[in-house]
Amino acid sequence: MRLIQSAVFRLTLWYLGIIMVLSLVFSVALFRVSTGQMDNNFNNQRDAIERLPVPIGLESRRDDYIQALADELGDARRSLVLRLAALNLLTLVIGGGAAYWLARRTLEPIENAMEAQGRFTADASHELRTPLTAMRSEIEVALRAHHLSAADARTLLSSNLEEIAKLEALSAGLLRLARSDQLDPTAVAPVPVRQLIETAIDRFQAQLSGHHINLEVDADDSSVEGDAASLTELLAILLDNAIKYSPEKSTVTISGHASGQSVNLAVADQGAGINASDIPHIFERFYRADRSRSKEQVSGYGLGLSIAKRIADLHHGAITVESSPGRGSVFRVKLPVTQTPAQHPVFRF
Ligand code: ADP
C-alpha cells in the first residue's frame, strides 16, 4: 500500500502546513498587539519623565533611567519572541502528530476500499484460474498420449465443457455483482410483493420439478418501493440457495407481509442449515460455508448472498439469517413499505 502511505504523508504535510500557517498568523498578530502596547507604555513613561523638572547636574541620571526603561523594553520583546518561537515549535510537534492522525482517519475508508478491491480481484482471478488450470492439464495429458481414442476425446471434451460451464457461471455472477452496485433511479417504482415472488418462482420452475421440492407461498397484497428487476434477483438468489441446499421432498416457504412501515420477505427451507461460525461471513464475496463439502456437492461461487445484501442495502433494507444446522435456514429481508393492505383507500357510498 505504498500509494496510501505516500497519500498519508502528503495529506499530513498539507494539514501541518495549514496548522502552522494559522499558528504563525496568530503569533505575528499577538506579537504586534503586545509590542504595540509595550511601545505605548514606554513612550508614555518616557514623555512623563522628560516633562519632570530635573535639578541641574542630574540630567545624565534621567537619561540613564530612560535608557534602563528602553533596555527593559528590548528584553521584554526578546522574551516575547522566544516564547512565541517555543509555542510554534510545540505546535509543530503536536500539530505534526495531530495532522498524521487526521490524515490517517481521512484516508482510512479509501484504504479499506482498496484492500477490499485487492482481495476481490485476487479471489476472482483465483476462481477464474481453477477451471482454466483443470482444462489445461486435461488437454496436456491428452496431447501427451500416443493414441487418443474417440471415447477418450469425448470424455475430455465433456469434462472441458463442464469447466466452461463453471467459467460461464462465474462470469455471469461477476456481471451480476457489477450490475448490482448501483440502483437505476428511473426503475424505482412500487412493486407488489406477490408479483415479485411469482416472477422469482417462475425462474425456477424447471429446477423445482427436477428437485421434487414442495414450494409454499404466503403473501399479502402490500408493495415495496424499488427496482422490480433487482428485487426479483434478490428473491431468486435466496430461492436458488434454498433449493440448492435442501434435501428432496422438503418444503421451501416464501412469504411477504407488511408490518408497520416495512415489508418482511422471508425464504425458509428445511435444508442443511449454516454453522453459527459461518453466519457472520456468508454475505462476503466468494465466501462458501463448509468449503470442502459445498464445493464438491453444490455448485456456486459464494457471490449470491453478497449480491443479495447489496440489493437490500440499495433499497434501504436489511437482510438477516437464522439457521440451525441440519434443520434449515430462514433468510429475512426487511424493505420499506409503499402500500400495506390497511392503507388501501376505502370508498363508501
Ligand atoms: P453460493 O454460490 O456458494 O451458494 P452464496 O453467496 O449464495 O454462494 O452463499 C454463501 C454460502 O452460504 C453458501 O456457500 C452456503 O454454504 C451458505 N448458504 C446460503 N444459503 C443457504 C441455505 N439456504 N442453506 C444452507 N446454506 C446456505
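How far is an oxygen atom of the ligand from an N or O atom in the side chain of Lys-244? The distance is 3.0 Å. Before going on, note that this is a predicted model, in which local features need pLDDT of at least 70, side-chain atom pairs count only at pLDDT 80 or more, and totals for chains, interfaces and linings use all residues. Residues are numbered from 1 along each chain as its sequence is written, and side-chain values use heavy atoms, with hydrogens and water left out.

How much of the ligand does the protein bury? Taken alone, the ligand exposes 530 Å², and the protein buries 96% of that. Such accessible areas come from the Shrake-Rupley method with a 1.4 Å probe; for residues, only the protein chains shown count as cover.

Now look at the shell. There are 19 residues around the ligand. A residue is near a molecule if one of its heavy atoms lies within 4 Å of it. Asn-241, Tyr-245, Asp-269, Arg-288 and Leu-305 come nearest. By class, the shell has ten nonpolar, six polar and three charged residues. Here Ala, Val, Leu, Ile, Met, Phe, Trp, Tyr, Cys and Pro count as nonpolar, Asp, Glu, Lys and Arg as charged, and the others, Gly among them, as polar. Helices α6 (228-244) and α8 (304-314) and strand β7 each supply at least two shell residues. Helix α6 gives the most, with three. Helices (H or I, at least four residues) and strands (E, at least two) are DSSP runs, numbered from the N terminus.

Follow helix α6 to Glu-233. Glu-233 counts as buried, at 15% relative accessibility. Buried means under 20% relative accessible area, exposed over 50%, and partly exposed in between (1.4 Å probe, protein chains only). The Glu-233 side chain makes a polar contact of 2.7 Å with the side chain of Arg-176. A polar contact is a pair of N or O atoms within 3.5 Å; within protein, one must be able to donate a hydrogen and the other to accept it, and residues adjacent in sequence count only if both atoms are side-chain atoms.

Next comes the loop between α6 and β4 (251-259), where Lys-249 lies. Lys-249 is not a glycine, yet its phi is positive, about 65°. Is Lys-249 buried or exposed? It is exposed, with a relative accessible area of 76%.

Phe-286 also has a positive phi, about 70°, and is not a glycine. Phe-286 lies in the loop between β5 and α7. It is buried, at 2% relative accessible area. Ile-274 is in the loop between β5 and α7. It is buried too, at 13%. Its C-alpha atom is 7.3 Å from that of Ala-289, 15 residues apart along the chain.

Finish with the rings. Rings of Phe, Tyr and Trp (its six-membered ring) pair if their centres lie within 6.5 Å; planes under 30 degrees apart count as stacked, over 60 as edge-to-face and the rest as tilted. The count comes to two aromatic pairs. One of them, Phe-283 with Phe-331, is edge-to-face, at 6.4 Å centre to centre and 75° between the planes. This pair links distant parts of the chain, 48 residues apart. Both Phe-283 and Phe-331 are buried.
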